[in-house]
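Trainee: I would like a close look at one part of this model. Please pick a single helix and walk me through its surroundings.

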Amino acid sequence: MSNKALEICYDFPFFLQEELEEIFQAHEKVFFQKGDFILEEGKTANEYYILEKGLARSFVNDFNGNEVTTHFFVENEVIIEVSSLFQRISTQENIVCISDCECWRFDFETFQELFHKIPNLREWGRAWMSQQLFAYKQRSVEMFTLSATKRYLNLLEQKPHVIQFAPLKQIASYLGVTDTSLSRIRKELVSHPNKI
(Lines give C-alpha, C1' and ligand atoms only; values in the text may rest on other atoms or scores of the structure.)
Protein backbone atom coordinates (compact mmCIF):
# COMPACT_ATOMS: atom_id res chain seq x y z
CA MET A 1 0.00 0.00 0.00
CA SER A 2 1.50 3.28 -1.09
CA ASN A 3 0.11 6.57 0.10
CA LYS A 4 1.62 10.04 0.03
CA ALA A 5 0.17 11.22 3.37
CA LEU A 6 1.46 8.14 5.19
CA GLU A 7 4.85 8.39 3.46
CA ILE A 8 5.19 12.04 4.50
CA CYS A 9 4.19 11.39 8.12
CA TYR A 10 6.42 8.35 8.53
CA ASP A 11 9.38 9.89 6.75
CA PHE A 12 12.12 8.58 9.04
CA PRO A 13 15.53 7.51 7.71
CA PHE A 14 15.83 4.25 9.66
CA PHE A 15 12.58 2.55 8.66
CA LEU A 16 13.01 -0.61 6.60
CA GLN A 17 10.60 -1.01 3.70
CA GLU A 18 8.91 -4.05 5.29
CA GLU A 19 8.43 -2.11 8.55
CA LEU A 20 6.78 0.75 6.71
CA GLU A 21 4.53 -1.68 4.85
CA GLU A 22 3.40 -3.25 8.13
CA ILE A 23 2.75 0.18 9.66
CA PHE A 24 0.83 1.38 6.58
CA GLN A 25 -1.28 -1.83 6.57
CA ALA A 26 -2.33 -1.08 10.15
CA HIS A 27 -4.05 2.16 9.07
CA GLU A 28 -7.69 2.21 8.01
CA LYS A 29 -9.13 4.77 5.57
CA VAL A 30 -11.97 6.79 7.12
CA PHE A 31 -14.06 9.75 5.97
CA PHE A 32 -15.54 12.62 7.95
CA GLN A 33 -17.93 15.33 6.84
CA LYS A 34 -17.62 19.03 7.55
CA GLY A 35 -18.73 19.60 11.15
CA ASP A 36 -18.08 16.01 12.29
CA PHE A 37 -16.28 15.59 15.60
CA ILE A 38 -13.19 13.40 15.50
CA LEU A 39 -12.90 13.67 19.30
CA GLU A 40 -15.23 15.28 21.84
CA GLU A 41 -14.52 16.80 25.22
CA GLY A 42 -14.96 14.28 28.05
CA LYS A 43 -14.11 11.26 25.86
CA THR A 44 -10.85 9.29 25.71
CA ALA A 45 -8.93 9.16 22.43
CA ASN A 46 -8.54 5.58 21.17
CA GLU A 47 -6.72 6.36 17.92
CA TYR A 48 -4.85 8.97 15.99
CA TYR A 49 -5.35 9.97 12.38
CA ILE A 50 -3.22 11.09 9.48
CA LEU A 51 -5.04 13.73 7.48
CA GLU A 52 -4.87 13.05 3.76
CA LYS A 53 -7.38 15.66 2.57
CA GLY A 54 -9.20 18.46 4.33
CA LEU A 55 -8.80 20.74 7.33
CA ALA A 56 -9.56 20.17 11.02
CA ARG A 57 -9.06 22.07 14.26
CA SER A 58 -8.92 21.44 17.97
CA PHE A 59 -10.57 23.78 20.45
CA VAL A 60 -11.43 24.14 24.12
CA ASN A 61 -14.21 26.07 25.79
CA ASP A 62 -12.86 28.81 28.05
CA PHE A 63 -14.30 29.74 31.47
CA ASN A 64 -16.92 31.93 29.74
CA GLY A 65 -17.99 29.14 27.39
CA ASN A 66 -16.27 30.65 24.31
CA GLU A 67 -14.53 28.36 21.84
CA VAL A 68 -10.76 28.92 21.68
CA THR A 69 -8.93 27.23 18.80
CA THR A 70 -5.80 25.47 20.06
CA HIS A 71 -4.54 23.95 16.80
CA PHE A 72 -5.24 23.61 13.09
CA PHE A 73 -4.54 20.29 11.36
CA VAL A 74 -3.68 20.46 7.66
CA GLU A 75 -3.04 17.77 5.05
CA ASN A 76 -0.25 15.27 5.81
CA GLU A 77 -0.33 16.03 9.54
CA VAL A 78 -1.13 13.78 12.48
CA ILE A 79 -4.47 14.52 14.17
CA ILE A 80 -3.94 13.57 17.78
CA GLU A 81 -4.71 14.51 21.37
CA VAL A 82 -1.51 13.20 22.91
CA SER A 83 -2.33 13.29 26.63
CA SER A 84 -5.72 11.61 26.19
CA LEU A 85 -4.36 8.89 23.90
CA PHE A 86 -1.23 7.95 25.83
CA GLN A 87 -2.30 8.68 29.41
CA ARG A 88 -5.74 7.10 28.79
CA ILE A 89 -7.59 10.10 30.27
CA SER A 90 -10.64 12.01 29.08
CA THR A 91 -9.83 15.06 26.99
CA GLN A 92 -10.68 18.70 27.54
CA GLU A 93 -10.28 19.35 23.81
CA ASN A 94 -12.61 18.87 20.87
CA ILE A 95 -11.33 18.02 17.41
CA VAL A 96 -13.73 18.91 14.60
CA CYS A 97 -13.61 18.93 10.80
CA ILE A 98 -13.65 22.38 9.17
CA SER A 99 -14.15 20.71 5.78
CA ASP A 100 -14.84 17.17 4.57
CA CYS A 101 -11.81 15.10 5.59
CA GLU A 102 -10.15 11.90 4.40
CA CYS A 103 -7.97 10.32 7.06
CA TRP A 104 -5.96 7.23 7.86
CA ARG A 105 -6.96 5.88 11.29
CA PHE A 106 -4.44 4.09 13.53
CA ASP A 107 -6.07 2.60 16.62
CA PHE A 108 -4.28 2.65 19.97
CA GLU A 109 -4.10 -1.12 20.56
CA THR A 110 -2.57 -1.82 17.16
CA PHE A 111 -0.17 1.10 17.61
CA GLN A 112 0.93 -0.35 20.99
CA GLU A 113 1.54 -3.78 19.44
CA LEU A 114 3.66 -2.36 16.62
CA PHE A 115 5.37 0.12 18.96
CA HIS A 116 6.77 -2.82 20.97
CA LYS A 117 7.43 -4.97 17.91
CA ILE A 118 9.22 -2.39 15.69
CA PRO A 119 12.05 -0.49 17.44
CA ASN A 120 12.20 2.04 14.60
CA LEU A 121 8.56 2.98 15.26
CA ARG A 122 9.59 3.84 18.84
CA GLU A 123 12.44 5.98 17.50
CA TRP A 124 10.10 7.67 15.02
CA GLY A 125 7.65 8.32 17.87
CA ARG A 126 10.34 9.93 20.04
CA ALA A 127 11.51 12.12 17.16
CA TRP A 128 7.93 13.12 16.28
CA MET A 129 7.08 13.90 19.91
CA SER A 130 10.17 16.06 20.45
CA GLN A 131 9.42 17.97 17.24
CA GLN A 132 5.84 18.60 18.42
CA LEU A 133 7.02 19.67 21.86
CA PHE A 134 9.39 22.17 20.25
CA ALA A 135 6.58 23.53 18.02
CA TYR A 136 4.17 23.96 20.95
CA LYS A 137 6.86 25.63 23.07
CA GLN A 138 7.73 27.99 20.22
CA ARG A 139 4.05 28.87 19.70
CA SER A 140 3.52 29.63 23.40
CA VAL A 141 6.58 31.93 23.44
CA GLU A 142 5.50 33.65 20.21
CA MET A 143 2.09 34.47 21.73
CA PHE A 144 3.97 36.86 24.06
CA THR A 145 6.94 37.95 21.95
CA LEU A 146 5.43 38.55 18.49
CA SER A 147 2.85 41.09 17.39
CA ALA A 148 -0.56 39.81 16.28
CA THR A 149 0.33 40.82 12.70
CA LYS A 150 3.52 38.76 12.79
CA ARG A 151 1.67 35.76 14.25
CA TYR A 152 -0.90 36.05 11.45
CA LEU A 153 1.85 36.23 8.81
CA ASN A 154 3.55 33.16 10.31
CA LEU A 155 0.29 31.22 10.11
CA LEU A 156 -0.20 32.41 6.52
CA GLU A 157 3.28 31.18 5.63
CA GLN A 158 3.15 27.87 7.52
CA LYS A 159 -0.48 26.88 6.90
CA PRO A 160 -2.00 28.93 4.05
CA HIS A 161 -4.98 26.50 3.86
CA VAL A 162 -6.08 27.72 7.28
CA ILE A 163 -6.23 31.36 6.15
CA GLN A 164 -8.05 30.26 2.99
CA PHE A 165 -10.70 27.98 4.50
CA ALA A 166 -11.08 28.50 8.28
CA PRO A 167 -13.66 31.03 9.53
CA LEU A 168 -12.26 34.38 10.74
CA LYS A 169 -13.51 33.76 14.30
CA GLN A 170 -11.53 30.50 14.58
CA ILE A 171 -8.33 32.07 13.24
CA ALA A 172 -8.73 35.06 15.59
CA SER A 173 -9.12 32.84 18.67
CA TYR A 174 -6.06 30.79 17.62
CA LEU A 175 -4.01 33.98 17.31
CA GLY A 176 -5.33 35.34 20.60
CA VAL A 177 -7.03 38.40 19.09
CA THR A 178 -10.61 39.58 18.56
CA ASP A 179 -12.38 39.18 15.21
CA THR A 180 -12.30 42.97 14.83
CA SER A 181 -8.52 43.14 15.39
CA LEU A 182 -7.93 40.37 12.87
CA SER A 183 -10.11 42.12 10.28
CA ARG A 184 -8.09 45.30 10.81
CA ILE A 185 -4.78 43.39 10.46
CA ARG A 186 -5.95 41.83 7.19
CA LYS A 187 -7.10 45.19 5.80
CA GLU A 188 -3.78 46.82 6.71
CA LEU A 189 -1.81 44.05 5.03
CA VAL A 190 -3.87 44.45 1.84
CA SER A 191 -3.64 48.26 1.75
CA HIS A 192 -0.02 48.58 3.03
CA PRO A 193 1.81 45.36 1.99
CA ASN A 194 5.21 47.08 2.22
CA LYS A 195 4.74 48.12 5.83
CA ILE A 196 5.56 44.66 7.15
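**Helix H8 and its surroundings**

Mentor: Start with two helices that meet. The axes of H8 and H9 cross at roughly 95 degrees and come within 9 Å. That makes H8 roughly perpendicular to H9. On the H8 side, the contact is made by Leu 168, Lys 169, Ile 171, Ala 172 and Leu 175. On the H9 side, Asp 179, Leu 182, Ser 183 and Arg 186 take part. Keep in mind that this is a predicted model.

Now take H8 itself. Helix H8 covers residues 168-175. Of its 8 residues, 6 are buried, so the helix is largely enclosed by the rest of the structure. The buried residues are Gln 170, Ile 171, Ala 172, Ser 173, Tyr 174 and Leu 175.

What do the buried residues of H8 pack against? Two strands are on the list: S4 (56-61) and S5 (67-73). Four helices are there too: H5 (119-145), H6 (148-158), H7 (160-165) and H9 (179-191). After H8 comes Gly 176, with a positive phi near 75 degrees.

Arg 139 lies over the face of its ring, 3.7 Å from the ring centre. Tyr 174 is also in contact with His 71. That histidine is found in strand S5. Is His 71 buried or exposed? Its relative accessibility is 13%, so it counts as buried, the cut-off being under 20%. Set aside its neighbours within four places in sequence.

H9 has another partner to examine. H6 and H9 pack at an angle of about 75 degrees, with their axes 10 Å apart. They are therefore roughly perpendicular to each other. Ala 148, Thr 149, Tyr 152 and Leu 153 of H6 meet Leu 182, Ile 185, Arg 186 and Leu 189 of H9.

A search of the whole structure finds 14 aromatic pairs. One of them joins Tyr 10 and Phe 24. This pair is tilted, with 6.2 Å centre to centre and 45 degrees between the planes. The pair links distant parts of the chain, 14 residues apart. Tyr 10 is in the loop between H1 (4-9) and H2 (17-25), while Phe 24 is in H2. Tyr 10 is buried, at 1% relative accessible area. Phe 24 counts as buried too, at 4%.

Ring pairs also link Tyr 48, Phe 86, Phe 106, Phe 108, Phe 111 and Phe 115 into a cluster. The charged end of Arg 88 sits over the ring of Phe 108, 4.4 Å from its centre.

Finish with the sheet. In it, 4 strands run in the order S1-S8-S3-S6, open and antiparallel. S1 (28-32) and S6 (78-79) stand at the edges, each with a single partner strand, so one side of each has no neighbour in the sheet. S3 (residues 47-53) is joined to S6 by 2 bridges. Tyr 49 has Ile 79 in S6 as its bridge partner.

Definitions and conventions:
Residues numbered from 1 in each chain as written. Predicted model: local features only at pLDDT ≥ 70, side-chain atom pairs only at ≥ 80, totals over all residues. Heavy atoms only, no water. Buried < 20%, exposed > 50% of the residue type's maximum accessible area, 1.4 Å probe, protein only. Contact = heavy atoms within 4.5 Å. Phe/Tyr/Trp six-rings, centres within 6.5 Å; stacked < 30°, edge-to-face > 60°. Lys NZ or Arg CZ within 6 Å of the ring centre and 35° of its normal. Pairing = 2+ DSSP bridges. Axes fitted to C-alpha atoms, helices over the stretch in contact; angles between N-to-C directions. Parallel < 35°, antiparallel > 145°, perpendicular 65-115°, else oblique.
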